[in-house]
Amino acid sequence: MIKDTVMKKHTMANKYLTFFVDDELYGLSISKIKEIIAPIHITHIPKTPEFIKGIINLRGSIIPVVDIRLKFGMDEKEFNIDTAIIIYEVDGISIGFIVDQVEDVILLDDDHIVDTPNFGKNIDTSFIEKVAEIEDDVVMLLNLQQIFEATELLDIKTLRSNEKEVK
């Protein structure tokens, strides 16, 4: 369904990778996506927050892995054939984000991207950069750096640095 909505205005187009977490469709600008991989062995790190699943060794690079479902307050889900890890650059480091299913890469012109609605001062939507309207669907375009508290991001950076020193 979304593939048919690719916009023809390439001069104003923005490329986004769409993916599912639960039944919701999200998008990420492809500019900071390094790659998408199938789940591989994740080494658990004790005393880390539940949403940090551990680290992976991806061709010699140690990459922290975050379960986006847990970070969003959803129930954990067993990996299946559709589960993927999106390797994304956040604040200068690569972090793997576990998602339920990768959908497609889409081109959106600016006419289909709107500001995030205001839900009031008590509801944090800072991690939703924009919202895309595609026919009858709504795709939340995420800023993954904003899903972390400053201290959480610092902890992830420290975790990655400590693992590099061990190598």
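This briefing covers the salt bridges and one of the sheets in the structure above.

The model is predicted, so local features are reported only at pLDDT of at least 70 and side-chain atom pairs only at pLDDT 80 or more, while totals for chains, interfaces and linings use all residues. Residues are numbered from 1 along each chain as its sequence is written, and side-chain values use heavy atoms, with hydrogens and water left out.

**Salt bridges**

- The count comes to 5 salt bridges, a salt bridge being a side-chain nitrogen of Lys or Arg within 4 Å of a carboxyl oxygen of Asp or Glu.
- One of them joins Asp22 to Arg69, with the closest N and O atoms 4.0 Å apart; because Asp22 lies in the loop between β1 (14-21) and β2 (24-29) and Arg69 in helix α1 (residues 68-71), the pair ties together parts that are 47 residues apart in sequence.
- Helices (H or I, at least four residues) and strands (E, at least two) are DSSP runs, numbered from the N terminus.
- Arg59 and Glu35 meet through their side chains in a salt bridge of 2.4 Å, N to O, and this pair links distant parts of the chain, with Arg59 in the loop between β4 (52-58) and β5 (61-67) and Glu35 in strand β3 (residues 33-37), 24 residues apart.
- Lys53 and Glu76 form a salt bridge at 2.7 Å, N to O, where Lys53 belongs to strand β4 and Glu76 to the loop between α1 and β6 (84-90), 23 residues apart.
- Through salt bridges that share partners, Asp22, Arg69 and Asp100 are joined into one network.

**Accessibility of the paired residues**

- Buried means under 20% relative accessible area, exposed over 50%, and partly exposed in between (1.4 Å probe, protein chains only).
- Arg59 counts as exposed at 64% relative accessibility, while Glu35 counts as partly exposed at 25%.
- Lys53, at 21%, counts as partly exposed, and Glu76, at 47%, also counts as partly exposed.

**The six-stranded sheet**

- An open sheet is formed by 6 strands in the order β8-β1-β2-β11-β10-β9, with mixed pairing, where two strands pair if DSSP finds at least two bridges between them.
- Its edge strands are β8 (101-108) and β9 (113-114), each of which pairs on one side only.
- Strand β2 and strand β11 (residues 137-142) run parallel and are joined by 2 bridges; the bridge partner of Gly27 in β11 is Leu141.
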